[in-house]
Amino acid sequence: MPKLIVGNWKMNGLQAESLERVEKLAAGVQGDASGSFHMVVCPPATLIAPVAAKLKDSVIRWGGQDCHAEASGAYTGDIAAPMLKDMGCDFVILGHSERRQHHGETSAEVAAKAKAAHASGLTAIICVGELDAQRSAGEQESVVGRQLAESIPDTASTENTVIAYEPVWAIGTGKTASADDIKQMHAFIRGKVGTLQILYGGSVKAANASEILHTENVDGVLVGGASLKADEFLGIAVAS
Ligand code: PGA
């Protein structure tokens, strides 16, 4: 199965630089005939429409970084799943550790959002991952197991749900989990989620992508910082 290569741009980018980046990505992906990966970019909400316009004839797909659990209503500043779908999104990242940390999102809220995403025909990329202190205490599997049990709604299927394992201590820090740690955790997650695709995220870059993408039970990667540079992100994709 082709690896899923997802770029999470977070709160980065104005139009000019971002559209230049997607043009480079579209050109780069067109030149790769191997079919070994599917590429997805998740821009900030303000850039979804212009990015979609640029990518409409490309094989690259796009998605949002969050959605509300309700389809519409008095929720100032929020974005609903049908709005993402309306912009041509196929994916939405949910329960990213930055949302859990800075917005206090609970796993129950993530499950409600995922349900809303499914109802709109979006694939939910549900993020899980332990804190540094939890790993030091040997609690990584119990933490991730609980997040999986509480964040995945009963509407989830292989067609509409992807899991992203992102150890919080590896996000944006330059620290990557070791191949053994990734292998062990992905095997644990596989036991819980069956055939759902499982991505790894946390300081993935072109230089370490090949080893990570060829680790057992790694079906793709969720990339933050390195997805902001077209060459680097393409380098990750071709490593698949
Ligand atoms: P990073 O972020 O690649 O910058 O570590 C990954 C993520 O937060 O999805």
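Student: Which backbone atom lies 2.8 Å from an oxygen atom of the ligand?

Tutor: A polar contact is a pair of N or O atoms within 3.5 Å; within protein, one must be able to donate a hydrogen and the other to accept it, and residues adjacent in sequence count only if both atoms are side-chain atoms. Here a backbone N or O atom of Gly225 lies 2.8 Å from an oxygen atom of the ligand. The protein covers 95% of the 280 Å² of accessible area that the ligand has on its own, where accessible areas come from the Shrake-Rupley method with a 1.4 Å probe and, for residues, only the protein chains shown count as cover. This is a predicted model, in which local features need pLDDT of at least 70 and side-chain atom pairs count only at pLDDT 80 or more, while totals for chains, interfaces and linings use all residues. Residues are numbered from 1 along each chain as its sequence is written, and side-chain values use heavy atoms, with hydrogens and water left out.

Student: Which residues come nearest to the ligand?

Tutor: A residue is near a molecule or strand if one of its heavy atoms lies within 4 Å of it. Of the 13 residues around the ligand, the nearest are Lys10, His96, Glu166, Gly172 and Ser203. Lys10 places a polar side-chain atom 2.7 Å from a ligand oxygen atom, and for His96 the corresponding distance from a polar side-chain atom to an oxygen atom of the ligand is 2.6 Å.

Student: How many residues of each class does the shell around the ligand have?

Tutor: Ala, Val, Leu, Ile, Met, Phe, Trp, Tyr, Cys and Pro count as nonpolar, Asp, Glu, Lys and Arg as charged, and the others, Gly among them, as polar. The shell has four nonpolar, seven polar and two charged residues.

Student: Where does Lys10 lie, and what is the phi of Ser203?

Tutor: Helices (H or I, at least four residues) and strands (E, at least two) are DSSP runs, numbered from the N terminus. Lys10 lies in the loop between strand 1 (3-8) and helix 1 (15-30), and has a positive phi of about 55° although it is not a glycine. Ser203 also has a positive phi, near 55°, and is a residue other than glycine; its place is the loop between strand 7 (197-201) and helix 9 (206-213).

Student: Is Ser203 buried or exposed?

Tutor: Buried means under 20% relative accessible area, exposed over 50%, and partly exposed in between (1.4 Å probe, protein chains only). Ser203 is buried, with a relative accessible area of 15%. His68, in the loop between strand 3 (61-64) and helix 3 (81-86), is buried at 17%. A polar atom of the His68 side chain lies 2.9 Å from the backbone nitrogen of Glu70.

Student: Which residues of helix 8 are buried?

Tutor: An α-helix has 3.6 residues a turn, so residues three or four places apart point the same way. In helix 8, the buried residues are Ile182, Met185, His186, Phe188, Ile189 and Val193. They lie on the same side of helix 8 because they cover an arc of only 160° around the axis, the arc being that of the directions from the helix axis to the C-beta atoms. On the other side of helix 8, Asp180, Gln184 and Gly191 are exposed.
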